[in-house]
Amino acid sequence: AEVRKEQSKIEESIDRFNKMDLKDSQKKKVYPRIFYYYVDRNKKSEAKKYYQELAALNVYKNKKDVEVTYDTFINGGYQYLDETLERLKKAKPEEIPTLEKSLSRMYENKGIHSEAKKYARMAERHQRQLEEKNQAKS
């Protein structure tokens, strides 16, 4: 019940943003968050809408990440597989779980289920390690 209440608040905020006349600079900050929110909830049509809005803006922070996420989680693609594997080799510890989650989905999309499971397990393990590390700091 708490989660639904929180999601309802987020949806209301998104509705308010849609009714506002936002400047491009504001859209560049807000739209990626909305895009990822819908990707996380597997709401493909809404994610596609914000992907298109971002594409129309052309230049925004993390453009490549948005393109990879859209291809992988919305289009069911894996065209960024090799590139993501290369990025993983140089990734900062806080980036690793996200890259591994993306790789898991790419392998799933490609039909290589053993690799998909491997990267999903790695992402979970590295996410737990990050959370434990962050808790130890606080």
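A: Let's start with the cover: the buried residues of α4 sit under elements that include α2 (24-40), α3 (44-57), α5 and α6. Contact here means heavy atoms within 4.5 Å, and helices are DSSP runs (H or I, at least four residues), numbered from the N terminus. Before going on, some ground rules: this is a predicted model, in which local features need pLDDT of at least 70, side-chain atom pairs count only at pLDDT 80 or more, and totals for chains, interfaces and linings use all residues. Residues are numbered from 1 along each chain as its sequence is written, and side-chain values use heavy atoms, with hydrogens and water left out.

Which residues of α4 are buried? They are V66, V68, T69, Y70, D71, T72, F73 and I74. Buried means under 20% relative accessible area, exposed means over 50%, and partly exposed is in between (1.4 Å probe, protein chains only). E67, also in α4 (residues 63-74), counts as partly exposed because its relative accessibility is 22%. Leaving aside residues up to four places away in sequence, E67 touches Y51 and Y80. Y80 is 13 residues from E67 along the chain, with 9.3 Å between their C-alpha atoms.

As for its length, α4 has twelve residues and reaches 16 Å from first C-alpha to last, close to the 16 Å expected at 1.5 Å a residue (the expected span is 1.5 Å times one less than the number of residues). After α4 comes G76, with a positive phi near 70°.

Now the packing. The axes of α4 and α6 (residues 96-110) come within 9 Å and cross at roughly 45°; axes are lines fitted to C-alpha atoms, for helices over the stretch in contact, and angles run from 0 to 180 degrees between N-to-C directions. That angle is why α4 is oblique to α6 (under 35 degrees is roughly parallel, over 145 roughly antiparallel, 65 to 115 roughly perpendicular, the rest oblique). On the α4 side, V68, T72 and F73 make the contact, and on the α6 side K101, S102, R105, M106 and N109. By type, these residues divide into three nonpolar, three polar and two charged; Ala, Val, Leu, Ile, Met, Phe, Trp, Tyr, Cys and Pro count as nonpolar, Asp, Glu, Lys and Arg as charged, and the others, Gly among them, as polar.

Two of the covering helices also pack on each other: α5 (residues 81-90) and α6 meet at about 155°, with axes 10 Å apart, and are therefore roughly antiparallel.
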